[in-house]
Structure formats: C-alpha cells, structure tokens
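Thanks for coming, everyone. Let me put the structure up, and then I'll walk you through it.

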Amino acid sequence: MESNQEKKLNALLSEVKGTRITGSDEINITGIVLDSRKILPGCLFVALRGTQTDGHQYIGKATELGAAAILCEELPEQLNDQVTYIQVDDSAAAMGLIASAYYGYPSRQVKLVGVTGTNGKTSVATFLFQLFRGLGYRCGLLSTVQNQIEDEVIPSTHTTPDSVALNHLLAQMVAKNCSHVFIEVSSHSVAQHRITGLHFAGGIFTNITHDHLDFHKTFDNYIAAKKGFFDQLPKSAFALVNIDDRRGAVMVQNTRAKVETYSLQTLAAFKGKVISDTLAGMHMDVNNQEVWFRVIGRFNAYNLLSVYGAAVLLGEKPETVLLELSNLKSPPGRFEQFHSADQIVGIVDYAHTPDALENVLETIAHLRSGNEQVITIVGCGGNRDAEKRPKMAAIACRFSNRVILTSDNPRFEDPLDILAQMQKGVPPIDFKKTSTIADRREAIFNAGLSANPGDIILIAGKGHENYQDIKGVKHHFDDKEILLEVFEKRHSN
C-alpha cells in the first residue's frame with residue numbers, strides 16, 4: 001500500500017514485541033506492501049505465509065525491486081546489507097501493529113464498533129451506519145457488501161480487508177472527519193490477525209452456527225476465532241452479546257470489556273418482544289417502548305435490538321435511537337422484496353448457511369396469509385463447507401411447496417457435483433416437489449413463469465452479489481435483475 005508519507009522504521013516497530021533486527025531501524029519507510037509485484041523503493045515488504053503461497057519465497061525479488069526493509073518469520077540464506085530485516089514470530093500479527101502505526105493509529109481517533117457472528121453481521125453494521133448518519137454523525141462502514149465513507153462507496157473484496165488496507169481505509173475516514181466506524185469482523189480476520197492493532201469502542205455478537213469449516217476445519221476452531229475478537233477488546237469497550245444464543249456467554253468469558261446482553265426470550269439489558277410481523281413491517285416492544293419498524297422477520301428483531309443496544313452504549317438517548325431506527329430499511333440483498341404486477345412476491349436474500357436459510361423461510365411461513373405457494377431457489381457455493389449442502393436442501397424442502405436446486409458460485413467445483421450432494425438431503429417424500437436446474441437464470445425463470453398470483457418466490461444464497469464465480473472468473477449475474485426481467489415478461493404476456 002503506497003502512501004505519500006514516510007515514517008521511521010523504529011517508530012513503526014514501537015509496539016511489536018520480540019523483534020530480531022538485522023540492519024538499521026533508523027531508516028525511513030515509504031509504504032507497506034504484501035505483493036512483491038507492487039514494491040516501490042523505500043517500502044517495507046511483509047512476507048506472509050498464506051493458504052496459497054508463502055511470501056518468504058519473494059523476499060529476494062522484493063529487495064531487487066528496492067524494498068528498504070523486510071518483515072519475515074524466517075531470514076533468507078542470503079542477506080542484502082543495504083536492507084533491514086525484521087524477524088518476528090508472526091508476520092501477520094506484527095503487520096497489524098505496524099500498519100496501525102504507519103497510518104497514525106486511525107482506529108484510536110474514531111469510535112470503532114465491530115460486529116461478529118455467523119449471520120446478521122452485514123445487516124447490523126449497515127443499520128448502525130444508517131442510524132448514526134441519521135443522528136447527524138459522519139460515519140464509515142466496512143462490510144461484505146461495500147465499504148463506505150459517508151456517501152462515497154468503495155467496492156469490497158473481503159468481509160474484512162487485510163490490516164494494511166484496513167488501516168488505510170480508516171485513515172481516509174479520519175481524514176474525512178468520521179467520528180464513528182462500523183465494521184464486520186469475520187472469523188478469518190481474527191485468525192489471520194487482520195484486526196490486530198485496532199482499538200475498538202465496542203463489539204457485538206449476533207449468533208453462531210456451522211460455517212467456514214473449509215477454513216477452520218472444526219466448529220470449535222470457528223468458535224475460538226469468533227471468541228478471539230472479544231478476548232482482544234480493551235477494558236474501555238463494551239461487549240454486547242445475544243444471550244439467546246447458547247454460545248453468547250462463552251464469547252465473553254475472558255473479555256476485559258464491559259459485558260451487556262440483548263434478548264427476545266429472557267431477561268437482558270436490551271429486551272425485545274415481537275408483537276406482530278407482516279410483509280409491510282414489524283411491531284415490537286423494545287425495553288417497554290412500542291415501535292413500528294419497516295424491516296421484518298424475527299432475525300431482524302435480533303439485529304435491531306443489537307443496534308439499539310450498541311447505540312445506547314455509545315451514549316445516545318434511547319427514544320431518539322428508536323425513532324431513527326423505525327425509518328431504516330434492510331441492506332441490499334437482505335430479505336429484499338420485489339412485487340410483480342399480478343402480486344407475486346419475490347424475495348432476494350443472502351442466506352447461504354442452514355441457519356440463515358431456516359430463519360428466512362420461517363419468517364416467510366409466519367407471514368403467509370393463506371394458500372399462496374412458497375417456491376425456493378437455492379444453491380451452495382463451491383470450494384466451501386460441503387457439510388451444509390444436504391442440510392440446505394432439507395431445510396428448503398421442509399418449508400417450501402416447491403424447491404429448485406441450482407448453481408450458486410461453483411468456483412472450481414463442478415456444479416453438478418454440488419447439486420448431487422444437495423440432493424442427498426431431499427427426503428423421499430419431497431422428491432416430487434423438488435427439481436434440479438443447474439443454470440441459475442433458467443431456475444429463476446422457471447419459478448417466475450410458473451408461479452401463480454400471490455405466490456412467494458425466495459431466491460437464496462447470493463443476495464447483494466452481482467456476479468457468479470466460475471473457475472476463478474466473476475461473470476455478471478444479479479438475482480434481482482433476472483427476477484425483475486421475469487416479472488416484466490409476465491406483465492407483457
């Protein structure tokens with residue numbers, strides 16, 4: 001990451017423990033770079049051990065291109081006496097601390113709130129961003145859908161960027177006078193030290209279910225990664241947890257932060273109750289105040305409670321917060337509704353885990369008013385946790401009148417192999433109502449043209465995404481565009 005600033009190396013290393021330095025630490029550093037192809041003279045090259053490649057292989061190339069210093073876990077056999085080598089036990093952890101120092105500790109200059117959990121991270125972070133802007137603050141957002149500084153949208157490639165990109169973004173937010181920043185904290189980002197060195201004002205836990213086992217290998221590792229975020233929070237921060245999730249209490253066992261709870265089912269600091277839930281909106285009691293919200297679904301009741309709790313913990317007045325929350329709309333691709341001229345309801349949702357799919361379908365079941373049919377279109381991503389594939393199909397069958405299994409982001413897997421694994425979850429009694437259409441566009445057209453007025457079509461799994469990842473290439477594909485195309489075709493017919 002280039003920058004127009006220079007920083008003394010010894011100042012950047014002030015918080016990194018256990019460094020073994022070969023060469024001078026008095027030199028100036030002009031940038032921090034992870035990709036040896038982007039080296040510019042005077043920069044610090046960080047040799048990271050990744051899942052695909054090991055940055056230590058590129059140390060020689062980095063010095064040839066003019067790197068002034070190398071951060072590594074293992075020294076190369078040949079040292080260049082014009083270069084400073086900093087040997088550490090963990091390059092990723094050290095890089096987080098160095099990046100924070102390089103950009104002037106931007107996380108200390110804003111109120112940074114992190115949101116972690118399997119489901120709800122994007123909604124909660126986005127609701128907080130919308131809420132605090134509505135309350136008159138200048139805000140930043142770092143999410144799966146997009147990174148945003150006030151109205152400026154910066155495309156997002158990871159749920160949580162690497163620590164250099166992250167601090168660079170935070171520094172931009174500070175430069176634009178943001179006072180609050182809301183960030184999704186993925187389990188990967190904790191395990192890979194992407195958030196190391198950041199100073200959080202608070203952390204929120206939504207829930208935890210099976211996900212990302214392709215990366216974490218075991219559910220215990222996944223839980224430990226989520227918990228690691230709360231372990232890192234300072235004493236000055238708050239840790240707000242969903243106490244209805246049986247692992248909510250586990251998350252905050254070792255935290256130094258002030259623990260607060262929210263719940264729909266039990267006593268908590270922030271207590272909610274759903275009074276009524278319809279396709280038009282949700283009526284709730286929140287800490288003995290009745291409020292009407294535009295967003296719907298029990299899962300969103302939890303999201304709204306966590307946002308309300310966090311805002312109050314950040315010092316806002318409860319009544320003002322609830323008034324502003326009542327105007328919020330769901331983020332793109334999160335239970336996003338579309339209506340055809342003949343009253344078919346199309347719902348596009350990012351649900352890509354068994355728990356998220358069940359939440360959405362339970363909400364739809366609850367909202368049904370009569371004999372309308374529920375048609376669910378669902379797939380599973382390739383090169384990801386295969387264990388959830390039959391479960392996703394089984395859940396879709398349990399709550400739907402018709403199910404179409406289709407392709408999601410196959411990545412480097414054969415879509416037909418993924419679908420075959422999903423089909424194993426279809427109970428024999430549901431064979432007749434289940435079909436398999438590998439082409440996602442064709443699947444959406446099939447559902448849209450065969451539906452009757454009043455039916456509800458759920459297109460699950462991709463939500464806000466406007467691409468399909470096939471063999472490493474992202475092809476333009478947007479569930480919403482195809483759905484509206486089908487509705488238009490119905491109307492013209």
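Start with helix H15, residues 440–450, and helix H16: their axes come within 9 Å and cross at roughly 35°. Keep in mind throughout that this is a predicted model. The crossing of H15 past H16 is right-handed. Who makes the contact? On H15, the residues are Arg440, Arg441, Ile444, Phe445, Gly448, Leu449 and Ser450. On H16, they are Asp479, Ile482, Leu483, Glu485, Val486, Lys489 and Arg490.

Now the sheet. Six strands make an open sheet, with mixed pairing. Read across, the order is E18-E19-E23-E20-E21-E22. Which strands stand at the edges? They are E18, residues 336–339, and E22, residues 434–436. Each has a single partner strand, so one side of each has no neighbour in the sheet. From one strand to the next, the twist averages 15°.

Look inside that sheet. Strand E19, residues 345–349, pairs with strand E23, residues 456–460. The sense is parallel, over five bridges. Asp349 stands opposite Ala460 in E23. Back to H16, residues 479–492: this helix packs on the sheet and touches E18, E19 and E23. The direction of H16 makes about 15° with that of E18.

Helix H14, residues 415–423, lies across E20 (374–378), E21 (402–405) and E22. H14 runs at about 145° to E21.

Next, a different strand: E11, residues 180–184. Is E11 mostly covered or mostly open? Covered: five of its five residues are buried. Both faces are covered. On one side sit His180, Phe182 and Glu184. On the other sit Val181 and Ile183.

E11 also has pairing partners. E7 pairs with E11 in the parallel sense, over five bridges. There, the bridge partner of Val115 is Glu184. E8 pairs with E11 in the parallel sense too, over four bridges. In that pair, Leu142 has Ile183 as its bridge partner.

On to the cores. How many residues does the largest nonpolar core have? The count is 37. Leu128, Ile204, Phe293 and Leu325 have the most contacts inside this core. Several elements supply at least two residues each, among them strand E7 (111–116), helix H4 (121–134), strand E8 (139–142) and helix H11 (318–325). Helix H10, residues 298–313, is another of them. H10 gives the largest share, eight residues.

Take Leu128 by itself. Set aside its neighbours within four places in sequence. Leu128 then contacts Val113, Val115, Phe182, Ile204, Val307 and Ala310. There is also a second, separate core, with 30 residues. Ala351, Ile364, Val378 and Met392 are included in that one.

Cys43 is buried, at 2% relative accessible area. Cys178 is in no disulfide either. For Cys178, the nearest cysteine sulfur is that of Cys139, 6.7 Å away.

Note on methods
Residues numbered from 1 in each chain as written. Predicted model: local features only at pLDDT ≥ 70, side-chain atom pairs only at ≥ 80, totals over all residues. Heavy atoms only, no water. Pairing = 2+ DSSP bridges. Axes fitted to C-alpha atoms, helices over the stretch in contact; angles between N-to-C directions. Contact = heavy atoms within 4.5 Å. Core = buried A, V, L, I, M, F, W, Y, C linked by side-chain atoms within 4.5 Å. Buried < 20%, exposed > 50% of the residue type's maximum accessible area, 1.4 Å probe, protein only. Disulfide = S-S within 2.5 Å. Left-handed = near helix turned anticlockwise from the far one by under 90°.
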